[in-house]
Amino acid sequence: MDWSALVLLAVALTALIVAPGAILLRSLGLAPLAALASGPAVTVLIVTLIGLVLPWGAGTQIVLGALILAGPALSRGARRRFAARAAAVGRVGAASQEEAPDAGEAADEAEPGESESADGDRAAQEPDGPRAKDAVERIARGARRRGGIPRLLITAILAALPAAITHILALTSQMGAVDAVHQNRDSVLHMNLIEEIHRTGNASIISASRAINGAIYPDGYHAIAAVLRPLADPALILSASLISLGAMLLPLMVVLLARSAGLRWWAASLAALLASTTMWMPGYMVFYNAQLAAAMSVELLIGTVTALAVLRPRGIGQQLLRAALGLACLGGISAAHPGGGQVFVIVLCVLGAVGLARAAIRGESGTAHALRARLLRAAACLACLAPIAIMMRLPVLQSMAAYPEESRTLGRTASMSLLLEPIEGQPATGWFELVGALALVGAILMAVRGRWAMLTVWGTLVVLALTTSSTDPAIGALTGAWWRDLLRVLTLIVLIDGVLAAACVQELGIILDRIRGIRPRPTRSWRGRVLRAPRATTILTLCAAICLAIPAIRAGTGSSEYWSYYSFQKFMHYVWLDPEEARAMRGSDHDAFNGAVVYGSPESGASYTAALTDGTSYYRHYGAPINWQQQYLAQNFSKIRADARVCGIIRARGGIPLYYEQPGLPPETYALYPGFQHVDTSKGFVRVADVDGATLWRITACDEEGRTP
């Protein structure tokens, strides 16, 4: 596979995330911007629900795709039937009016105002009257608006392109080779879970990951990624996922968020650049740590906020539609990662409380009715905040919030949240602080203009970030589903900061135009739009140049470079599997793993067996063993010729037992797995292959039950 194929694989994954939900929502009549922004969340919800009840195989995927693609056609048919029924009702009404004997006399005897009203009613009841025509016009407008998503999508992609190209170049340059294997604790879990779903068809969020890490793990992303498994192995799919989530879906969601906040297209493009040029997102979360489930929930949350901002409820029907969309997207965000779901609930509660509080303050006063309305709104405001109070009392969130043993000081947390200062050990570059300062000014300008929604979201996230500095269990529970991790909250803050900073630049441009006496005239031509905003080209060019230069920086030395987003180590935390070793597992030694169960320390090439070959490994994630059998082998594998229980566990597991020996690993690799540190392979083992620097042994010590050599 070459670089272009890897990028195409990332494009396919992005389309699988966005398209199903967007098509479904658009066929239900949702506005193009709202459908496109909330489509990914609905996609994840659909896949998660199907995974709970059906096997996630090719048949299920084909049927689901066919049903979604048929959605627009079914919607058109329903709307045509509605138009036909409306026209039929008009004809029946007209016929009944013609049969009424005194209708004309009554109209003649009526007052002038009543006569006009009667004429209007009769016109509405004629076969081709206003009511029938209005119904047909609504259907026609809906049909015309169906072309809205393709046009919006193309424009949004063009706006997101500068940020996308920047980060694709940054990531691929640090990969070095298209077949490089991302190596850290999270990425190995993702690869093995994608392969597990592909082999077993089990995409249930409850049980799919239990065989790997012994716990429930959000697998919405993995189920979607498994659709591409026939085209590439899990390691290549993971690399494509880094591009998809970090360099494609992320800038697209930020662009749509910026548009919902009233930014022009050039400012939305600038927002995507500014939002993704700090170390936090996509660098730290996606490219470096491969926290793909958390990253997806962040992007789904941004898209849902965009959709809810676009849908302005006018009447009970619109309010119910907005509530239904919010609940569906909450399910998708939570299925992607519970941490994102918790933050989304808090944001919704605060938005509702602020809206009700503002309505109560601005309401009429002086009458008993006005007083009752204010009291009701105040009570509703408190009810909106009730879920937050409940969260603070949940023992599970409190226990998860106790995970980090140390906390940053409030001052340090505030400087990282407001000025986006880099992580400890990294020198200040000035660029992060500039983006944070522009965002602060943008927040002030939005407050002056009365745009409270975006400001409320930003303020809520900043407060959540500040709560991570507290060791109080109740306060820490507000971010408990994210393990009270400031860095995860920062990934959301920087995205909002990018929009606020771009809004600041746009507002400053408007102010400068007013000072200079320039009044831009509306135009539909692209040439007119470009010439009308020469500063846009300058700003985008400058930001693109800065963004392209940043990934080449080696910030810090020694231990600080280990944490640097811009260092090569961000793609390989540890070189557990060197490039030649990975190529051998994919190529010359691939057949040696067929039908095998590979034993060995997780922090070695053994854990990548399922990701690169047709075999599997006994330990498929980094961390503690998940059951007593794994724990026993972790302590006693080296006693295989003396301890019959070791062979009993290996026989019970089945498959062709192989041992993956990788010399030169540091001693801390065996902290939880001392049984694999000093294994005598002189007897009971047969050499199968030399995988670059590692050796693959066939375990013959357990071939005959009841006999150990």
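**Reading salt bridges in a predicted model**

The side chains of Glu 580 and Arg 583 meet in a salt bridge, with 3.1 Å from N to O, in what is a predicted model.

Me: Which residues are linked with Glu 580 and Arg 583 in a network of salt bridges?

Reply: Asp 179 is linked with them in that network.

Me: Which residues of helix 27 are buried, and what covers them?

Reply: In helix 27, which spans residues 579–586, the buried residues are Glu 581, Ala 582, Ala 584, Met 585 and Arg 586. Their cover includes helix 11 (234–260), helix 28 (609–612) and strands 3 (656–661), 4 (685–691) and 5 (694–699).

Me: How many salt bridges does the structure hold, and is Glu 507 buried or exposed?

Reply: The structure holds twelve salt bridges. In one of them Glu 507 pairs with Arg 449, the closest N and O atoms being 2.7 Å apart. This pair links distant parts of the chain, 58 residues apart, with Glu 507 in helix 23 (residues 486–516) and Arg 449 in the loop between helix 20 (431–448) and helix 21 (452–467). Glu 507 counts as buried because its relative accessibility is 7%, under the 20% cut-off, whereas Arg 449 is partly exposed at 41%.

Methods: Residues numbered from 1 in each chain as written. Predicted model: local features only at pLDDT ≥ 70, side-chain atom pairs only at ≥ 80, totals over all residues. Heavy atoms only, no water. Buried < 20%, exposed > 50% of the residue type's maximum accessible area, 1.4 Å probe, protein only. Helix = DSSP H or I, 4+ residues; strand = E, 2+ residues; numbered from the N terminus. Contact = heavy atoms within 4.5 Å. Salt bridge = Lys/Arg side-chain N within 4 Å of Asp/Glu carboxyl O.
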